[in-house]
Amino acid sequence: MPDRTVLRVDGLDVHAGSTPLLQDVSFAIDRGERVGLIGESGSGKSLTALSVMGLLPEGLGATGDVRLAARTPAEHNLLALGERALARMRGDGMSMVFQEPMTALNPTMRVGAQVAEVMLLHRTRSRRAARERAVELLEQVGLPDPAHVARAYPHELSGGQRQRVVLAIALANDPALLICDEPTTALDVTVQATVLDLVVRGVEARQAALLFITHDLGVVATVCERVLVMYGGRIVEAGPVQDVFGDPRHRYTQGLVAASDLSGADGRRERARLPTIPGSVPPAGRFPAGCVFRTRCAHATDVCATPPPWTPRGEHPAGATAYGYACFHPAGGEEDG
Amino acid sequence: MGEGTGTPAVELRGVSRQFRRRRTSLLTPAPVVDAVRDVSVTVARGERFGIVGESGSGKSTLLRLVSGLDQPTAGEILVEGRPVHDQPARRLGWLRETLQLVFQDPMSSLDPRMRVRDIVAEPLVAQGRHDNRERVHELLEAVGMSAEAADRYPHQFSGGQRQRISVARALAPGPDILVADEPVSALDVSVRAQVLNLIDEVVDGFDLTLIFVSHDLSVVRHVCDRVAVMRRGEFVEVAPTEQLWNDPQHPYTQQLLAAVPDLHGALAGRTARDLAADVARRGQDGAGTG
Ligand SMILES: Nc1ncnc2c1ncn2[C@@H]1O[C@H](COP(=O)(O)OP(=O)(O)OP(=O)(O)O)[C@@H](O)[C@H]1O
Ligand SMILES: Nc1ncnc2c1ncn2[C@@H]1O[C@H](COP(=O)(O)OP(=O)(O)OP(=O)(O)O)[C@@H](O)[C@H]1O
Ligand code: SF4
Ligand SMILES: [Mg+2]
Ligand SMILES: [Mg+2]
């Protein structure tokens, strides 16, 4: 694994019994890189994150190779590690922020103590230093009067304030990898703007790798440099945000970008019909063989019944999976009509 | 469209709705929530009127008042010139024919034990109309679903299809006014576009007045002619959509607009830092602290 690589996921498959949920998911994230993971509901974003964190729900099996270079070099496949070894890494070398902050907070414990606890747990600081550092961290995530907030219980805080506390906990041990799964979906837009800013500042200050999950293209373009597009449990396209959204190759990405765009490039689209993708996302296990998008794709031909190979689109420091697509009849370039 | 002529579709005069929260202590009085505060507005026939605002600003409460599902603590509400604010539900049968609702989550508003046929026919049966077979098929077709859907149950459909079914049901009594509360907020982006197109089609095709609520400014912008920005129960600004977008007057409107992580803006280089800074700059009157 090259020096700068923090996370490398190779050929990750996740299945529930005989139902495949993720198939051949491969990507890498470098130090300081902010990578978005987008896709509609049920595309497999959360399962990807949970696989990396070793938090897959009971009954799901994972195969493949997941490596993290954090405190120690990436010697182990995380999928092969036991729960004790993984628990040592969670909250230390890697941490995660979920959509609903209350799932991560203990309702009966003051928030300052919760931020301190994660440092004590991983023995990164003494008790006294951890308490002091907790207040500093609460200040860094923009909470006014952090010493006061430290003594509050979660229910005394607003949704946006709670999410900042969760972010402070996630950043407490300076993780090499931060994963955020829809961290602002439950927040109002004005609060979202602040939290997005704090996430970016937090990872920038630590040169941490960020995997940011959202279904909002505008959010991912605001936060990330690079994006992975997921559909039907596969990564169908990846690359710099500018290229993937500005000039998509995969037909799914093309449809998603067009359907998301309510304003049109220059101001208001005169109440024209919006471009749509026909049909809807099938439930797990009901995606077609070959290209998973083929049942909704206007460009599908017979060859699409076989799995489309990954076509690299250009050089990228994070490797071949960082910039490319898996489509037989790609959009864009001179081919596009 | 006959805007400006004749009776408006909906008229609100100084409408307020207070809720009394449960007392948390024996010593202090029960706290009062001003969910809607002194809202006055006239929606013309054929207009597409949008309401945007953040969570808890009072949007759903206002829609419930307009739909006669709840009564204001002050003010008057007229639908096509007839009062709804002081009428008990049983006197509002006429309102169900005039005004119909579509909600955010079609799963919780569609009875899982009823066949689609009976769901769509429900408002007709309520009017005492039976043998609605033809009409149900017509309605399903109008929302882009096949007649065979009629014999299935809601859980057999995707979120977008369920929202089509709710629209079909809303159209059943031949209403003049369609009221939609976050109708696309629970949908995937690819399906959201389908449902927005459908709403557009039926509003045009059936000459409806539309009242459309969303927390998503870009959705409201796409759908509506005129927009009210709601905050803490009040309309802080009401303006034609494009005017509101290009020249927002109220600081809160400016803040809301600044907070949208717009894809084009981001691709043009607007970072999370810029976004947060814009919001903070415009929020200096104390709005939007989270
Ligand atoms: N424990 C489980 N058992 C069986 N199937 C599951 C399980 N967890 C998730 N799935 C299925 O796997 C697919 C991917 O789920 P995942 O939660 O990763 O989607 P997502 O992209 O995060 O969607 P969303 O945007 O709705 O959060 C879905 O079809 C989901 O129903
Ligand atoms: N039945 C009720 N009893 C007490 N308070 C209520 C009741 N209904 C609404 N409220 C309060 O009135 C305010 C406005 O709520 P409302 O549901 O209208 O907001 P909203 O703008 O629709 O929010 P959202 O975007 O979250 O749907 C909130 O503070 C809410 O808690
Ligand atoms: S591989 Fe074929 S079916 Fe899949 S997106 Fe490309 S053209 Fe469409
Ligand atoms: Mg998810
Ligand atoms: Mg509401």
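## Ligand 1 and chain A

Helix α1 of chain A (residues 45–53) provides the largest share of the shell around ligand 1, with three residues. Helices (H or I, at least four residues) and strands (E, at least two) are DSSP runs, numbered from the N terminus. The model is a predicted one, in which local features need pLDDT of at least 70 and side-chain atom pairs count only at pLDDT 80 or more, while totals for chains, interfaces and linings use all residues. Residues are numbered from 1 along each chain as its sequence is written, chains are lettered from A and ligands numbered from 1 in the order in which they are written, and side-chain values use heavy atoms, with hydrogens and water left out.

There are 14 residues around ligand 1, and A:Ser41, A:Gly42, A:Lys45, A:Ser46 and A:Leu47 come nearest; a residue is counted as near a molecule or strand if one of its heavy atoms lies within 4 Å of it. By class, the shell around ligand 1 comprises six nonpolar, five polar and three charged residues. In this scheme Ala, Val, Leu, Ile, Met, Phe, Trp, Tyr, Cys and Pro count as nonpolar, Asp, Glu, Lys and Arg as charged, and the others, Gly among them, as polar. The side chain of A:Ser41 places an N or O atom 2.6 Å from an oxygen atom of ligand 1. A polar side-chain atom of A:Ser46 lies 2.8 Å from an oxygen atom of the ligand, and a polar backbone atom of A:Gly44 is 2.9 Å from an oxygen atom of ligand 1. Ligand 1 taken alone exposes 640 Å², of which the protein buries 64%; accessible areas come from the Shrake-Rupley method with a 1.4 Å probe, and for residues only the protein chains shown count as cover.

## Ligand 2 and chain B

Ligand 2 is surrounded by 13 residues, the closest being B:Ser55, B:Gly56, B:Lys59, B:Ser60 and B:Thr61. A polar side-chain atom of B:Lys59 lies 2.7 Å from an oxygen atom of ligand 2. Backbone N or O atoms also approach oxygen atoms of the ligand, at 2.8 Å for B:Gly56 and at 3.0 Å for B:Gly58.

Ligand 2 exposes 640 Å² when taken alone, and the protein buries 62% of that. The elements that give two or more residues to its shell are β2 (32–43) and α1 (59–66) of chain B, with α1(B) giving the largest share, three residues. The shell around ligand 2 divides into three nonpolar, six polar and four charged residues.

## The interface between chains A and B

The size of an interface is often given as the accessible area lost when the parts come together. Between chain B and chain A the buried area is about 3800 Å², of which carbon and sulfur atoms give 56%; buried area is the accessible area (1.4 Å probe) that two parts lose on being put together, summed over both. In all, 41 residues of chain B are in contact (heavy atoms within 4.5 Å) with 52 residues of chain A.

Three salt bridges are counted between chain B and chain A, a salt bridge being a side-chain nitrogen of Lys or Arg within 4 Å of a carboxyl oxygen of Asp or Glu. A:Asp197 forms a salt bridge with B:Arg273, with the closest N and O atoms 4.0 Å apart. On the side of chain B that touches chain A, the elements giving two or more residues are α7 (189–205), α8 (217–223), α10 (251–259), α11 (263–267) and α12 (272–282) of chain B. The most come from α7(B), with ten residues. This side of chain B has 17 nonpolar, twelve polar and twelve charged residues.

## Local features within the chains

Over all chains, the whole structure contains 32 salt bridges. In one of them, A:Glu237 pairs with A:Arg313, the closest N and O atoms being 3.6 Å apart. This pair links distant parts of the chain, 76 residues apart: A:Glu237 is in strand β9 (residues 234–240) of chain A, and A:Arg313 is in the loop between β10 (311–312) and β11 (324–325) of chain A.

B:Glu11 is found in strand β1 (residues 10–20) of chain B, and a polar contact of 3.4 Å joins its side chain to that of B:Arg13. Phi is near 50°, a positive value in a residue other than glycine, at A:Asp24 and likewise at A:Glu182. A:Asp24 is found in strand β2 (residues 19–30) of chain A, whereas A:Glu182 lies in the loop between β6 (177–181) and α7 (189–206) of chain A.

Conventions:
A polar contact is a pair of N or O atoms within 3.5 Å; within protein, one must be able to donate a hydrogen and the other to accept it, and residues adjacent in sequence count only if both atoms are side-chain atoms.
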